[in-house]
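Come along and follow my notes.

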Amino acid sequence: LSMAGRGRGRGRGQMTFNVEAVGIGKGDALPPPTLQPSPLFPALERRAAPLPGGEEGEYMLALKQELRRAMRGLPYFVKPGAPRRDIERYSDKYQLSSPVDSAIDWNPDWRRLPRELKIRVRRLRKGRTAPLVPKQHVALDKEETIKKLESLEKKEEEVTSEEEEEKEEEEEGKEEEEEEYDEEEHEEETDYVLSYFDNGESFGPDSDDNGDEAVY
Amino acid sequence: MTQAELRLCSLLLQEHFGEIVEKVGNSLLRTGPRPLRLLVGDTGLLPDQVKKALCVLIQHNLVRYEVQPRGSVEYEARSERILRILRYPRYIYTAKTLYGDPGELLVEELLLHGHLPMSCAVARVADRLTETMEDGKTMDYTEVSSTFVRLADTHFIQRCPTVPESSQSTKAPPPPAPALAIAEKDMYIVPQLSLVGKGKRRHSCNEEEEGEHKAKRQKQEGGRSETPPDDGIYWQVNLERFHQHFRDQALVSAVASRMDQTSSEVVRTMLRMSEVTTASGASHTQPLSSNEIFRSLPAGYNIGKQVLDQYLALLADDPLEFVGKSGDSGGGTYTVKVTWGPGAFWAPPRPFPHPSLILLLLHRFGSRCARIFRLLLRKKHLEQKQVEDFAMIPAKEAKDMLYRMLSENLVSLQEIPKTPDHAPSRTFYLYTVNVMAAARMLLHRCYKSVANLMERRQHEMQENKRLLDKSQRVEAILASMQATGAEAAQLHEVEEMITGPERQQLETLKRNVNKIDASENQVDETIFVLESFIESTTKRP
């Protein structure tokens, strides 16, 4: 039974089914095989029907463009942080340019969001309690400190996340820890570095390195 | 999820929320639900950036979260909701037609911000309306409030699930993420607020310091210690309700074009009466007696009771089954069929606001292909020869068209063997249309089309970026010069900075971008019909 179809190449393209039934008559030329991908812009055989105009269409068009424009201006449009300048300039402190990477410039209702997403603003590394306590305690401590500090702060102050502390408690690889440390040192603009060691990283063009330097 | 959907979601996120949010959304869409750490690893972004992006996405209902049994929180992207961003203009426009400017702006604000408390929404809208009014006039909060209530009553907006009440004295640690929930019956209850006030006008002289002002105001708003009376109660747009409205509209216009204006009004009245009583997945409305319908007809329609009954009988008899007769009490009870069978697809070839989509797309292949397709829809299975005969198309052409449609999966071949050994010479080969497969294929094509349109539009803007920037600068200069009272000659000189050919270029750009935008809106209409059809067909048990 299986021998029936094994004669390849004898006669023009034998197929397993009766080609006549599908409509290819005897002697009809089959289209040549396609050897390349179809063209990127195939020729248009007929033009598309014109777009429906009218008041509704016009209004929706205007709405669409207006929406697009409006959303770019809202705080939900997350812009990447401004690239670091090569030299830190005095005027940087006073420019109202794009917000620091991690500042969140709208006030979500934190009660409705998972707690790990909350971005904290912190000035000093006071809240750094030992990592043995469960996460909630750390959070509570911070909350109180933050509430006091929040009213005094300006937007440009450094922003770090409580995630860093939580992460220490997890069995993450070392790499992640190093990453956080670097990030912290990148974003700090005050004189207080974690370990009270000012290795001059905040100044000069090196601050963008992803810390291969040891952290003390 | 298909590649086409993924690509479209990506573009929508990037255009409306920026690249960081796009990256996060992309990662979730492509690899499925994951916790925060894995997201950070995947995207290569800073943890704070990812957190911010997640906050934005959750705020807009594009991502949901779930606490896993082991305590970690997993985030999941909602692809179908992301695709709805395309439809925002249509929702806003519909709100305008139903509830005027306050309705339009309320829906717009809710869409722009994801969800808002009522007090906040009303205040914002009142401010915006005040801006557009003449000097000295302000929009009172009560009018906006009453529109808000009407939107809630007709279910166009709904309450978001709320944080569960928890007693403060509980010793158990708070969960890593709140479990939000809301009962169906509470979803549309508007809190008793007495919102008193008028819209405020933004002073135009503060334009330069606006950045600073905004920052201060935000701080103020955030730090305002008086909690609003509806604290914790947030509202969002109920997209499903809008979809139901679109379906009703399409139904009414189908009736109007197939029969006449009056019958469409009858159907519209029936639908309006059943607006909030029809469950979202139902296939028919609740039965309405003809007496009730007669009482609810709009004031302008003076048709007698018998005439109404005749119309109802006609509608019930129509083979497209818009209306069904369900009983005889109260002068006869009738229901409207609200799901979309293949009838939605295959509509009479008359000028029709929503022409059959298959026909529309078959414009690409030609009207003869359309004829063959309609034939197959009607007759279900046909042999090659029969197709040629019934469609009255010469064999060669018919063959060619059938193969093209076959290669695009619009039709398929069905084998019917005459003998048990399935020998090819003794087997029937029938062409048939698999409606669902065709619908899905077309939907996929639509997604691809919109994605292509968006990319092209962005490309056009990018190509002309330099010119656009220049034109914006000139506009800004002109505006400031006018404000300081410059002479006409000076203004003219500044205007001349943009040369004639450049103006031409800008005009062409604007025309093209408008065309592309309008096309995107148009394709979304098609997407809506196809999605509704597929959804209603797969729901049937």
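I started with a charge over a ring: B:Lys379 lies over the face of B:Phe390, 4.6 Å from the ring centre. For this I asked that NZ of Lys or CZ of Arg be within 6 Å of the ring centre and within 35 degrees of the ring normal. I also found B:Arg241 over the face of B:Phe156, at 4.3 Å from the ring centre.

A note on my source: this is a predicted model, where local features need pLDDT of at least 70, side-chain atom pairs count only at pLDDT 80 or more, and totals for chains, interfaces and linings use all residues. Residues are numbered from 1 along each chain as its sequence is written, chains are lettered from A and ligands numbered from 1 in the order in which they are written, and side-chain values use heavy atoms, without hydrogens and water.

Rings of Phe, Tyr and Trp (its six-membered ring) pair if their centres lie within 6.5 Å; planes under 30 degrees apart are stacked, over 60 edge-to-face, and the rest tilted.

B:Tyr88 and B:Tyr91 make a tilted pair, 6.5 Å centre to centre with 50° between the planes. They sit three residues apart in helix α6 (residues 88-113) of chain B, so about one helical turn separates them.

How are the rings of B:Tyr91 and B:Phe246 arranged? Their centres are 6.0 Å apart and their planes at 10°, so I noted them as stacked.

Definitions and conventions
Helices (H or I, at least four residues) and strands (E, at least two) are DSSP runs, numbered from the N terminus.
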